[in-house]
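Please examine the sequence and the model before working through the solutions.

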Amino acid sequence: MPLLLWADDEIDLLRPHILFLQQKGYEVVTATNGQDALDLVHQHSFDLVFLDENMPGLTGLETLQRIKDLQPALPVIMVTKSEEESIMDQAIGGKIADYLIKPVLPTQMLMSIKKNLHAREITQQHQTSGYQQEFGRLSMQIGSAMTFQDWVEVYKRLVFWELELSSSEDSGLSQMLLMQKQEANAAFSKFVKRNYESWIGEKLAAQSGRAQSDTEAPVMSTDIFKTHIFPSLDSGEKVFLVVIDNFRLDQWRVIQPLLSEYFTCQEDVYCSILPTATQYARNAIFSGLLPDKIAQMFPDLWVDEDSEEGKNLNEAPLIQTHLDRYRKPYRFSYHKVNESSYGDKLASQLRSLAQYPLNVIVLNFIDMLSHARTDIKVVSELANNESAYRALTRTWLEHSSTIELFRRIAGMGYKVILTTDHGSIRVDNPVRIVGDKNVNTNLRYKLGKNLNHQDKNVYEITRPKDFGLPVLNLSTSYVIATSRDFFAYPNNYNYYAQYYRDTFQHGGISMEEMLIPLITLTPKQ
């Protein structure tokens, strides 16, 4: 039975309220002044305190402060006749749990108790009931999804429930959601296999100046500047394009409240090209071209898979080729933040970028986090599940220079296009593959000669140029993993299968990797 303390110098007049709470299952101990209340807090382990603001001797605010000194986590609800703002500010500054104005109804008190003592339990009950009702509707939605937008809506609902249930103690419910996501990803992979070639055909036709087909390709990596950057610049707006590498929709949802303090947020979702890896997807964003076209038109800016050179060293030159091709005269700056010291420096010097109508910033923390989670045991322990992975994302934004960067951008009045090149998925199913020694190392896609596998779910591309992908030689093919699969070689298969199971990877086909956030942030005045 929850134990409550109620301190009020007129406690005898409140007997009906006390009887009401007792009938609801609460034990209530009373005091008529602040000092008696403090003595009782010393003697008992109360679950919650009702505290009158205006008592003889120690005032309610003084008593509040001393209670907090004794038990900082004990919820205290202030009850007062005064509606003065200064009293409210003092009480809130004293870390009260709630604030009630006399005369107080018993039902108001009960609601405040429930909010402070039973919120988690009530929330979980509603979550359980809500998802159980939603489960059937979502299954029907997955089975009937026919268009890209249908899949966006499916994924948004799954992300919503994933966040809703992240604090649930019902492991069975979480397992139901995981199974439904796996079902959705299997169906989504089939959808992509059926439609991806026609989508890319439309993009290739547009890039070659040919008449476009009647297919309805979604907004993809090559379209971001055309659909979101150039229109804003042409209308006279100043823009920051912020690309967070390896950023997912669920991660956006957990950091949105932090950015909403400075911006109004418009959420869209676009489709990453395949493979969903930085070399392909991010270069496509900055150039506005599919990878094969980059390799043809700007061979000095494209880095092959077998090169020792970094795969994303030419991003600023690719942006310039994009501006030149569309005859856009805009000057721009480009910055890649790989460490906190550079982020601090960039935030402190942000005003110097006001001379540029377009500023591009690449933030690599989440990509580094996903790799560190695989390679460093302590990081793996900190991000041992999806919820913890999201929490680390929020912690990074909240406690790094990044939040200050966004705050200052808002102060400069710049619009922000916040996006990513691809997402990532937690893999758990190893798929055997055989290739020669020159095959690339990515676990979610392979390219090379004589690639052999026995998995029917793999997406195999034997005509790379028809998919906008460069080839190393005439017999080059690509194989791309789907859902939660990852590739492992027969040599040391068991070791690598165990080592990479439950790690976050990218490069393949899944909702998490392909359906990625495209956010417009408009500064609040």
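**Exercise 1. Determine which residues of α17 and α18 meet, and how the two helices are oriented**.

Step 1. W396, L397 and E398 of α17 meet T402, I403 and F406 of α18, where contact means heavy atoms within 4.5 Å. Helices (H or I, at least four residues) and strands (E, at least two) are DSSP runs, numbered from the N terminus.

Step 2. This is a predicted model, in which local features need pLDDT of at least 70, side-chain atom pairs count only at pLDDT 80 or more, and totals for chains, interfaces and linings use all residues. Residues are numbered from 1 along each chain as its sequence is written, and side-chain values use heavy atoms, with hydrogens and water left out.

Step 3. Helix α17 (residues 386–399) packs against α18 at an angle of about 60°, and their axes are 4 Å apart. Axes are lines fitted to C-alpha atoms, for helices over the stretch in contact, and angles run from 0 to 180 degrees between N-to-C directions.

Step 4. The helix α17 is therefore oblique to α18. Angles under 35 degrees count as roughly parallel, over 145 as roughly antiparallel, 65 to 115 as roughly perpendicular and the rest as oblique.

Step 5. The contact of α17 with α18 comprises four nonpolar, one polar and one charged residues. Ala, Val, Leu, Ile, Met, Phe, Trp, Tyr, Cys and Pro count as nonpolar, Asp, Glu, Lys and Arg as charged, and the others, Gly among them, as polar.

**Exercise 2. Describe how α14 packs against α18**.

Step 1. Helix α14 (residues 340–348) and helix α18 (residues 401–412) have axes 9 Å apart, at an angle of about 20°. The helix α14 is therefore roughly parallel to α18.

Step 2. On the α14 side the contact involves S340, G343, D344, L346, A347 and S348, and on the α18 side S401, E404, L405 and R408. These contact residues divide into three nonpolar, four polar and three charged.

**Exercise 3. Identify the buried residues of α13 and what covers them**.

Step 1. E315, L318, I319, T321, H322 and L323 are buried in α13.

Step 2. Their cover includes α9 (224–234), α11, α12 (291–297), β8 and β9 (358–363).

Step 3. Just after α13, R327 takes a positive phi of about 55°, although R327 is not a glycine. This residue sits in the loop between α13 (315–325) and β8 (332–337), and R327 counts as exposed at 75% relative accessibility.

**Exercise 4. Locate the cis peptide bonds from K102 to P103 and from L274 to P275**.

Step 1. The bond from K102 to P103 is cis, with omega near -5°. P103 belongs to the loop between β5 (98–101) and α5 (106–117).

Step 2. The bond from L274 to P275 is cis, with omega near -10°. P275 belongs to the loop between β7 (263–271) and α11 (278–287).

**Exercise 5. Summarise the protein as a whole**.

Step 1. The secondary structure comes to 20 helices and 19 strands.

Step 2. The C-alpha atoms fill a box of roughly 90 × 55 × 45 Å, taken along the principal axes.

Step 3. Of the 525 residues in the protein, 54% are buried.

Methods
Buried means under 20% relative accessible area, exposed over 50%, partly exposed in between (1.4 Å probe, protein chains only).
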